[in-house]
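Morning, everyone. Please have a look at the structure on the screen, and then we'll go through it.

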Amino acid sequence: MSAPANAPEAKPSSRIPKVPFWAQIIAGLVLGALLGWVARSQDVSWLKETLGQIGDIFVQLLKLAVAPLVFFAILVSITNLRKVNNAARLATRTLLWFMITSLIAVAIGLAIGLITNPGSGTGLTPQDGKLPKREGSWIDFLTGIIPTDVITPFTELNVLQIVFMAAVAGIAALKLGDRAKPILTLSESILELLQKALWWVIRLAPLGTVGLIGFAIADYGWDLIGKYATFTADIYVGCALVLFGVYPLLLATVAKVNPIHFFKGAWPAIQLAFVSRSSVGTMPVTQKVTERLGVPKEYASFAVPFGATTKMDGCAAIYPALAAIFIAQIFDVQLGIGDYLLIAFVSVIGSAATAGLTGATVMLTLTLSTLGLPLEGVGLLMAIDPILDMMRTATNVAGQALVPVVVSAREKILDHTAYENASSSPIDDLVEIGETDEKVAVTTAA
(Lines give C-alpha, C1' and ligand atoms only; values in the text may rest on other atoms or scores of the structure.)
Protein backbone atom coordinates (compact mmCIF):
# COMPACT_ATOMS: atom_id res chain seq x y z
CA MET A 1 0.00 0.00 0.00
CA SER A 2 1.51 3.34 -1.07
CA ALA A 3 1.75 6.32 1.28
CA PRO A 4 -0.60 9.29 0.71
CA ALA A 5 0.79 12.01 -1.51
CA ASN A 6 0.47 14.64 1.21
CA ALA A 7 2.13 12.52 3.88
CA PRO A 8 5.04 14.36 5.55
CA GLU A 9 8.51 13.11 4.83
CA ALA A 10 10.06 11.02 7.58
CA LYS A 11 12.68 13.00 9.44
CA PRO A 12 15.96 11.38 10.29
CA SER A 13 16.19 10.26 13.90
CA SER A 14 17.86 12.81 16.16
CA ARG A 15 18.28 10.38 19.04
CA ILE A 16 21.64 10.68 20.74
CA PRO A 17 23.58 7.39 20.39
CA LYS A 18 23.85 5.44 23.63
CA VAL A 19 27.38 5.40 25.05
CA PRO A 20 28.48 1.78 25.61
CA PHE A 21 28.82 0.80 29.24
CA TRP A 22 32.49 -0.12 28.87
CA ALA A 23 33.15 3.37 27.50
CA GLN A 24 31.33 4.88 30.48
CA ILE A 25 33.53 2.84 32.83
CA ILE A 26 36.74 3.93 31.09
CA ALA A 27 35.58 7.54 31.16
CA GLY A 28 34.90 7.16 34.88
CA LEU A 29 38.39 5.75 35.44
CA VAL A 30 40.04 8.60 33.53
CA LEU A 31 37.93 11.32 35.14
CA GLY A 32 38.41 9.82 38.61
CA ALA A 33 42.19 9.64 38.16
CA LEU A 34 42.28 13.24 36.92
CA LEU A 35 40.12 14.59 39.76
CA GLY A 36 42.10 12.57 42.31
CA TRP A 37 45.35 13.99 41.01
CA VAL A 38 43.96 17.54 41.16
CA ALA A 39 42.65 17.01 44.70
CA ARG A 40 46.04 15.76 45.90
CA SER A 41 48.40 18.02 43.96
CA GLN A 42 46.40 21.19 44.66
CA ASP A 43 45.35 20.10 48.15
CA VAL A 44 41.65 20.55 47.37
CA SER A 45 40.14 19.01 50.50
CA TRP A 46 36.50 19.49 49.50
CA LEU A 47 37.10 17.62 46.21
CA LYS A 48 38.78 14.73 48.01
CA GLU A 49 35.89 14.56 50.49
CA THR A 50 33.31 14.66 47.70
CA LEU A 51 35.04 11.87 45.78
CA GLY A 52 35.15 9.77 48.94
CA GLN A 53 31.45 10.31 49.58
CA ILE A 54 30.51 9.38 46.01
CA GLY A 55 32.52 6.16 46.22
CA ASP A 56 31.16 5.32 49.68
CA ILE A 57 27.55 5.85 48.57
CA PHE A 58 28.01 3.55 45.57
CA VAL A 59 29.57 0.78 47.69
CA GLN A 60 26.92 1.27 50.38
CA LEU A 61 24.15 0.88 47.80
CA LEU A 62 25.72 -2.40 46.69
CA LYS A 63 26.04 -3.60 50.28
CA LEU A 64 22.44 -2.63 51.00
CA ALA A 65 21.22 -5.42 48.74
CA VAL A 66 23.84 -7.99 49.77
CA ALA A 67 22.15 -9.63 52.77
CA PRO A 68 18.66 -10.25 51.29
CA LEU A 69 20.11 -10.95 47.84
CA VAL A 70 22.43 -13.67 49.15
CA PHE A 71 19.70 -15.26 51.27
CA PHE A 72 17.06 -15.49 48.56
CA ALA A 73 19.54 -16.29 45.79
CA ILE A 74 20.97 -19.27 47.70
CA LEU A 75 17.52 -20.45 48.81
CA VAL A 76 16.06 -20.26 45.31
CA SER A 77 19.17 -21.72 43.69
CA ILE A 78 19.06 -24.81 45.93
CA THR A 79 15.38 -25.39 45.24
CA ASN A 80 15.98 -24.88 41.51
CA LEU A 81 18.16 -27.98 41.54
CA ARG A 82 14.97 -30.04 41.69
CA LYS A 83 14.38 -28.98 38.07
CA VAL A 84 17.75 -30.32 36.93
CA ASN A 85 18.60 -33.90 36.11
CA ASN A 86 21.49 -35.34 38.16
CA ALA A 87 21.33 -32.37 40.55
CA ALA A 88 23.59 -33.99 43.16
CA ARG A 89 26.15 -34.83 40.50
CA LEU A 90 26.13 -31.26 39.15
CA ALA A 91 26.52 -29.78 42.63
CA THR A 92 29.42 -32.12 43.42
CA ARG A 93 31.17 -31.41 40.10
CA THR A 94 30.72 -27.67 40.64
CA LEU A 95 32.32 -27.80 44.07
CA LEU A 96 35.12 -30.01 42.75
CA TRP A 97 36.00 -27.56 39.96
CA PHE A 98 35.83 -24.65 42.41
CA MET A 99 38.50 -26.43 44.45
CA ILE A 100 40.63 -27.42 41.44
CA THR A 101 40.78 -23.90 40.02
CA SER A 102 41.48 -22.45 43.49
CA LEU A 103 44.38 -24.86 43.92
CA ILE A 104 45.83 -23.86 40.54
CA ALA A 105 45.44 -20.17 41.42
CA VAL A 106 47.15 -20.47 44.80
CA ALA A 107 50.01 -22.44 43.21
CA ILE A 108 50.52 -19.60 40.71
CA GLY A 109 50.46 -17.04 43.54
CA LEU A 110 53.06 -18.97 45.54
CA ALA A 111 55.31 -19.44 42.49
CA ILE A 112 55.25 -15.73 41.66
CA GLY A 113 55.94 -14.78 45.27
CA LEU A 114 58.91 -17.13 45.56
CA ILE A 115 60.38 -15.84 42.29
CA THR A 116 59.94 -12.10 42.89
CA ASN A 117 60.32 -11.74 46.70
CA PRO A 118 57.76 -8.90 46.90
CA GLY A 119 58.68 -7.92 50.48
CA SER A 120 62.37 -7.28 49.76
CA GLY A 121 63.64 -3.75 49.24
CA THR A 122 60.34 -2.03 50.05
CA GLY A 123 61.70 0.06 52.91
CA LEU A 124 58.73 -1.07 55.02
CA THR A 125 59.26 -2.27 58.60
CA PRO A 126 57.08 -4.17 61.10
CA GLN A 127 56.39 -0.82 62.83
CA ASP A 128 54.50 0.31 59.70
CA GLY A 129 51.86 -2.33 60.30
CA LYS A 130 48.89 -2.34 62.66
CA LEU A 131 46.25 -4.80 63.75
CA PRO A 132 43.22 -5.06 61.44
CA LYS A 133 39.73 -4.14 62.63
CA ARG A 134 38.41 -7.51 61.46
CA GLU A 135 40.20 -10.78 62.05
CA GLY A 136 39.62 -14.36 61.04
CA SER A 137 40.62 -17.65 62.66
CA TRP A 138 39.59 -21.25 62.19
CA ILE A 139 37.65 -21.18 65.48
CA ASP A 140 35.82 -18.03 64.42
CA PHE A 141 35.29 -19.48 60.96
CA LEU A 142 33.82 -22.76 62.18
CA THR A 143 31.80 -21.45 65.12
CA GLY A 144 30.77 -18.35 63.21
CA ILE A 145 28.91 -20.32 60.56
CA ILE A 146 25.94 -20.93 62.87
CA PRO A 147 24.17 -17.71 63.92
CA THR A 148 22.87 -17.10 67.45
CA ASP A 149 19.67 -15.57 66.04
CA VAL A 150 18.09 -14.90 62.64
CA ILE A 151 18.34 -11.08 62.76
CA THR A 152 21.98 -10.32 63.64
CA PRO A 153 23.53 -11.85 60.46
CA PHE A 154 21.47 -9.41 58.37
CA THR A 155 22.14 -6.34 60.52
CA GLU A 156 25.89 -7.07 60.84
CA LEU A 157 26.17 -8.39 57.27
CA ASN A 158 27.66 -11.75 58.24
CA VAL A 159 27.35 -13.33 54.80
CA LEU A 160 28.65 -16.74 55.88
CA GLN A 161 25.83 -17.10 58.43
CA ILE A 162 23.30 -15.85 55.87
CA VAL A 163 24.50 -18.53 53.43
CA PHE A 164 24.10 -21.16 56.17
CA MET A 165 20.52 -20.13 56.96
CA ALA A 166 19.61 -19.93 53.27
CA ALA A 167 21.05 -23.40 52.63
CA VAL A 168 19.09 -24.87 55.54
CA ALA A 169 15.89 -23.16 54.36
CA GLY A 170 16.44 -24.35 50.78
CA ILE A 171 17.04 -27.97 51.78
CA ALA A 172 14.01 -27.88 54.09
CA ALA A 173 11.88 -26.51 51.22
CA LEU A 174 13.04 -29.38 49.00
CA LYS A 175 12.01 -31.88 51.66
CA LEU A 176 8.57 -30.26 52.08
CA GLY A 177 7.85 -30.52 48.35
CA ASP A 178 4.57 -28.97 47.18
CA ARG A 179 3.76 -27.62 50.64
CA ALA A 180 6.66 -25.17 50.29
CA LYS A 181 5.47 -23.87 46.90
CA PRO A 182 3.91 -20.62 48.30
CA ILE A 183 7.18 -19.78 50.08
CA LEU A 184 9.21 -20.54 46.95
CA THR A 185 6.96 -18.40 44.78
CA LEU A 186 7.32 -15.51 47.23
CA SER A 187 11.10 -16.02 47.41
CA GLU A 188 11.44 -15.98 43.62
CA SER A 189 9.41 -12.76 43.43
CA ILE A 190 11.51 -11.09 46.13
CA LEU A 191 14.70 -12.19 44.36
CA GLU A 192 13.50 -10.67 41.07
CA LEU A 193 12.61 -7.46 42.91
CA LEU A 194 16.06 -7.27 44.51
CA GLN A 195 17.81 -7.92 41.22
CA LYS A 196 15.77 -5.22 39.49
CA ALA A 197 16.72 -2.72 42.21
CA LEU A 198 20.36 -3.78 41.95
CA TRP A 199 20.29 -3.15 38.20
CA TRP A 200 19.61 0.49 38.99
CA VAL A 201 22.66 0.58 41.25
CA ILE A 202 24.74 -1.08 38.54
CA ARG A 203 23.84 1.73 36.17
CA LEU A 204 25.60 4.09 38.61
CA ALA A 205 28.87 2.17 38.29
CA PRO A 206 30.59 4.79 36.08
CA LEU A 207 29.82 7.48 38.67
CA GLY A 208 30.95 5.18 41.47
CA THR A 209 34.18 4.61 39.54
CA VAL A 210 34.91 8.34 39.55
CA GLY A 211 34.55 8.44 43.33
CA LEU A 212 36.42 5.23 44.16
CA ILE A 213 39.41 5.79 41.88
CA GLY A 214 39.54 9.52 42.55
CA PHE A 215 39.56 9.14 46.33
CA ALA A 216 42.18 6.37 46.21
CA ILE A 217 44.56 8.61 44.26
CA ALA A 218 43.74 11.73 46.31
CA ASP A 219 44.25 9.88 49.60
CA TYR A 220 47.25 7.69 48.80
CA GLY A 221 48.85 9.27 45.73
CA TRP A 222 51.10 7.59 43.21
CA ASP A 223 54.09 7.55 45.58
CA LEU A 224 52.52 4.77 47.60
CA ILE A 225 52.58 2.40 44.64
CA GLY A 226 56.37 2.72 44.54
CA LYS A 227 56.78 0.93 47.89
CA TYR A 228 54.40 -1.80 46.81
CA ALA A 229 55.41 -1.91 43.14
CA THR A 230 56.55 -5.54 43.11
CA PHE A 231 53.64 -6.74 45.23
CA THR A 232 51.08 -4.83 43.13
CA ALA A 233 52.61 -6.15 39.90
CA ASP A 234 52.62 -9.67 41.33
CA ILE A 235 48.88 -9.51 42.10
CA TYR A 236 48.02 -8.19 38.65
CA VAL A 237 50.33 -10.64 36.86
CA GLY A 238 49.06 -13.58 38.93
CA CYS A 239 45.42 -12.70 38.30
CA ALA A 240 46.13 -12.12 34.61
CA LEU A 241 47.81 -15.54 34.32
CA VAL A 242 44.74 -17.20 35.84
CA LEU A 243 42.23 -15.05 33.94
CA PHE A 244 43.87 -15.16 30.51
CA GLY A 245 46.02 -18.27 30.83
CA VAL A 246 44.50 -20.95 33.07
CA TYR A 247 40.85 -20.24 32.28
CA PRO A 248 41.27 -20.33 28.47
CA LEU A 249 43.34 -23.51 28.82
CA LEU A 250 40.57 -25.19 30.82
CA LEU A 251 37.96 -24.06 28.31
CA ALA A 252 39.96 -25.38 25.38
CA THR A 253 41.11 -28.69 26.89
CA VAL A 254 38.45 -29.65 29.45
CA ALA A 255 35.30 -28.01 28.11
CA LYS A 256 36.54 -28.22 24.49
CA VAL A 257 35.09 -24.85 23.53
CA ASN A 258 36.57 -21.68 22.06
CA PRO A 259 37.80 -19.41 24.94
CA ILE A 260 37.26 -16.26 22.87
CA HIS A 261 33.49 -16.79 22.95
CA PHE A 262 33.65 -17.06 26.75
CA PHE A 263 35.31 -13.68 27.15
CA LYS A 264 32.94 -12.09 24.65
CA GLY A 265 29.96 -13.28 26.64
CA ALA A 266 31.35 -12.81 30.16
CA TRP A 267 33.03 -9.42 29.64
CA PRO A 268 30.15 -7.27 31.03
CA ALA A 269 30.36 -9.10 34.37
CA ILE A 270 34.17 -8.97 34.46
CA GLN A 271 34.31 -5.23 33.83
CA LEU A 272 31.62 -4.50 36.43
CA ALA A 273 33.47 -6.63 38.98
CA PHE A 274 36.65 -4.65 38.32
CA VAL A 275 34.86 -1.41 39.19
CA SER A 276 32.48 -2.49 41.96
CA ARG A 277 34.96 -4.77 43.78
CA SER A 278 32.01 -6.93 44.85
CA SER A 279 31.26 -10.46 43.64
CA VAL A 280 27.82 -10.39 45.24
CA GLY A 281 27.04 -6.97 43.78
CA THR A 282 27.97 -8.30 40.34
CA MET A 283 26.02 -11.55 40.80
CA PRO A 284 22.90 -10.65 38.73
CA VAL A 285 25.11 -9.72 35.77
CA THR A 286 27.25 -12.83 36.25
CA GLN A 287 24.16 -15.02 36.15
CA LYS A 288 22.84 -13.31 33.01
CA VAL A 289 26.12 -13.70 31.12
CA THR A 290 26.46 -17.32 32.29
CA GLU A 291 23.02 -18.11 30.88
CA ARG A 292 23.92 -16.24 27.70
CA LEU A 293 26.94 -18.54 27.36
CA GLY A 294 24.61 -21.53 27.04
CA VAL A 295 24.49 -22.77 30.65
CA PRO A 296 20.96 -23.99 31.51
CA LYS A 297 19.13 -21.39 33.60
CA GLU A 298 18.19 -23.88 36.33
CA TYR A 299 21.83 -24.88 36.83
CA ALA A 300 23.20 -21.32 36.47
CA SER A 301 20.78 -20.09 39.13
CA PHE A 302 22.45 -22.52 41.54
CA ALA A 303 26.09 -22.35 40.49
CA VAL A 304 26.49 -18.56 40.21
CA PRO A 305 25.05 -17.56 43.64
CA PHE A 306 27.00 -20.44 45.19
CA GLY A 307 30.16 -19.24 43.48
CA ALA A 308 29.58 -15.58 44.38
CA THR A 309 29.97 -16.49 48.06
CA THR A 310 32.59 -19.25 47.89
CA LYS A 311 34.54 -19.04 44.61
CA MET A 312 37.37 -16.50 45.04
CA ASP A 313 40.46 -17.29 42.96
CA GLY A 314 41.67 -13.70 43.24
CA CYS A 315 40.80 -12.78 46.84
CA ALA A 316 41.15 -16.19 48.46
CA ALA A 317 43.94 -17.87 46.47
CA ILE A 318 46.38 -15.57 44.66
CA TYR A 319 46.17 -12.68 47.13
CA PRO A 320 46.67 -14.49 50.46
CA ALA A 321 49.49 -16.57 48.97
CA LEU A 322 51.42 -13.50 47.83
CA ALA A 323 50.47 -11.48 50.92
CA ALA A 324 51.71 -14.19 53.27
CA ILE A 325 55.09 -14.25 51.50
CA PHE A 326 55.21 -10.44 51.47
CA ILE A 327 54.43 -10.12 55.20
CA ALA A 328 56.80 -12.96 56.14
CA GLN A 329 59.66 -11.14 54.40
CA ILE A 330 58.84 -7.81 56.07
CA PHE A 331 58.80 -9.48 59.51
CA ASP A 332 61.83 -11.65 58.64
CA VAL A 333 60.00 -14.96 59.11
CA GLN A 334 61.16 -17.97 57.13
CA LEU A 335 58.43 -20.04 55.50
CA GLY A 336 58.92 -23.71 54.71
CA ILE A 337 57.23 -26.33 52.55
CA GLY A 338 54.71 -27.06 55.29
CA ASP A 339 53.72 -23.40 55.43
CA TYR A 340 53.13 -23.27 51.68
CA LEU A 341 50.96 -26.38 51.90
CA LEU A 342 48.98 -24.70 54.69
CA ILE A 343 48.46 -21.64 52.48
CA ALA A 344 47.09 -23.90 49.75
CA PHE A 345 44.83 -25.69 52.23
CA VAL A 346 43.41 -22.44 53.63
CA SER A 347 42.82 -21.07 50.13
CA VAL A 348 40.90 -24.12 48.96
CA ILE A 349 38.89 -24.79 52.14
CA GLY A 350 38.48 -21.35 53.70
CA SER A 351 37.57 -19.21 50.70
CA ALA A 352 33.99 -18.81 51.94
CA ALA A 353 35.40 -16.47 54.58
CA THR A 354 35.69 -13.74 51.95
CA ALA A 355 31.92 -13.90 51.48
CA GLY A 356 31.84 -11.97 48.23
CA LEU A 357 32.29 -8.55 49.81
CA THR A 358 34.77 -5.85 48.87
CA GLY A 359 38.17 -6.61 50.33
CA ALA A 360 39.72 -9.84 51.56
CA THR A 361 40.89 -8.89 55.06
CA VAL A 362 39.15 -11.76 56.85
CA MET A 363 40.63 -14.32 54.48
CA LEU A 364 44.10 -12.82 54.87
CA THR A 365 43.93 -12.83 58.67
CA LEU A 366 42.70 -16.42 58.56
CA THR A 367 45.77 -17.34 56.49
CA LEU A 368 48.19 -15.40 58.70
CA SER A 369 46.77 -16.84 61.94
CA THR A 370 47.04 -20.37 60.50
CA LEU A 371 50.72 -19.75 59.65
CA GLY A 372 51.43 -17.97 62.92
CA LEU A 373 52.44 -14.75 61.15
CA PRO A 374 51.87 -11.35 62.85
CA LEU A 375 48.41 -9.96 62.11
CA GLU A 376 49.94 -6.47 62.17
CA GLY A 377 51.11 -7.32 58.67
CA VAL A 378 47.56 -6.77 57.41
CA GLY A 379 47.97 -3.07 58.19
CA LEU A 380 50.83 -2.90 55.70
CA LEU A 381 48.49 -3.78 52.86
CA MET A 382 45.35 -1.80 53.72
CA ALA A 383 46.44 1.38 51.94
CA ILE A 384 47.03 -0.37 48.63
CA ASP A 385 44.02 -2.70 48.97
CA PRO A 386 41.51 -0.82 46.77
CA ILE A 387 43.90 -0.93 43.81
CA LEU A 388 44.52 -4.65 44.30
CA ASP A 389 40.89 -5.50 44.91
CA MET A 390 39.75 -4.45 41.45
CA MET A 391 41.82 -7.09 39.67
CA ARG A 392 41.17 -9.70 42.36
CA THR A 393 37.39 -9.33 42.06
CA ALA A 394 37.47 -9.39 38.26
CA THR A 395 39.31 -12.73 38.49
CA ASN A 396 36.82 -14.01 41.07
CA VAL A 397 33.82 -13.26 38.87
CA ALA A 398 35.42 -14.70 35.73
CA GLY A 399 35.96 -17.94 37.63
CA GLN A 400 32.36 -17.90 38.89
CA ALA A 401 31.16 -17.84 35.26
CA LEU A 402 33.81 -20.25 34.02
CA VAL A 403 33.06 -23.25 36.25
CA PRO A 404 29.36 -23.56 35.24
CA VAL A 405 30.46 -23.47 31.59
CA VAL A 406 33.09 -26.18 32.16
CA VAL A 407 30.71 -28.39 34.16
CA SER A 408 27.88 -27.93 31.63
CA ALA A 409 30.19 -28.84 28.77
CA ARG A 410 31.47 -31.94 30.59
CA GLU A 411 27.91 -33.02 31.44
CA LYS A 412 26.77 -32.34 27.84
CA ILE A 413 24.08 -29.85 28.86
CA LEU A 414 25.80 -26.76 27.43
CA ASP A 415 23.98 -25.05 24.56
CA HIS A 416 26.90 -24.82 22.12
CA THR A 417 24.94 -22.67 19.67
CA ALA A 418 24.26 -20.07 22.35
CA TYR A 419 27.87 -20.26 23.53
CA GLU A 420 29.33 -19.73 20.08
CA ASN A 421 26.96 -16.82 19.40
CA ALA A 422 27.54 -15.10 22.76
CA SER A 423 28.11 -11.41 22.16
CA SER A 424 29.95 -8.77 24.14
CA SER A 425 26.86 -6.59 24.23
CA PRO A 426 26.95 -3.99 26.99
CA ILE A 427 25.42 -4.36 30.42
CA ASP A 428 22.57 -2.07 29.36
CA ASP A 429 21.33 -4.83 27.05
CA LEU A 430 21.35 -7.32 29.91
CA VAL A 431 19.59 -4.87 32.21
CA GLU A 432 16.79 -4.42 29.72
CA ILE A 433 16.24 -8.14 29.06
CA GLY A 434 13.40 -8.32 31.59
CA GLU A 435 11.81 -5.16 30.23
CA THR A 436 12.01 -6.53 26.68
CA ASP A 437 10.42 -9.81 27.73
CA GLU A 438 7.56 -7.87 29.32
CA LYS A 439 7.03 -5.83 26.13
CA VAL A 440 6.99 -8.99 24.00
CA ALA A 441 4.43 -10.57 26.31
CA VAL A 442 2.18 -7.48 26.11
CA THR A 443 2.49 -7.34 22.30
CA THR A 444 1.65 -11.03 21.98
CA ALA A 445 -1.37 -10.64 24.22
CA ALA A 446 -2.58 -7.68 22.15
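I'll talk about salt bridges and then a pair of helices.

First, the ground rules. This is a predicted model: local features need pLDDT of at least 70, side-chain atom pairs count only at pLDDT 80 or more, and totals for chains, interfaces and linings use all residues. Residues are numbered from 1 along each chain as its sequence is written, and side-chain values use heavy atoms, with hydrogens and water left out.

Now, salt bridges. The term means a side-chain nitrogen of Lys or Arg within 4 Å of a carboxyl oxygen of Asp or Glu. The whole structure has five. One of them pairs Arg89 with Glu411, at 2.7 Å from N to O. Arg89 sits in helix 3 and Glu411 in the loop between helix 18 and helix 19, so this pair ties together parts 322 residues apart in sequence. Helices here are DSSP runs of H or I, at least four residues, numbered from the N terminus.

Glu411 also bridges to Arg93, with the closest N and O atoms 3.1 Å apart. Arg93 is in helix 3, 318 residues from Glu411.

Buried or exposed: what is Glu411? Buried, at 17% relative accessibility. Buried means under 20% relative accessible area, exposed over 50%, partly exposed in between, with a 1.4 Å probe and protein chains only. Arg89 is partly exposed, at 40%. Arg93 is partly exposed too, at 28%.

Next, the helix pair. The axes of helix 3 and helix 18 come within 10 Å and cross at roughly 125°. Axes are lines fitted to C-alpha atoms, for helices over the stretch in contact, and angles run from 0 to 180 degrees between N-to-C directions.

Technical notes
Helices (H or I, at least four residues) and strands (E, at least two) are DSSP runs, numbered from the N terminus.
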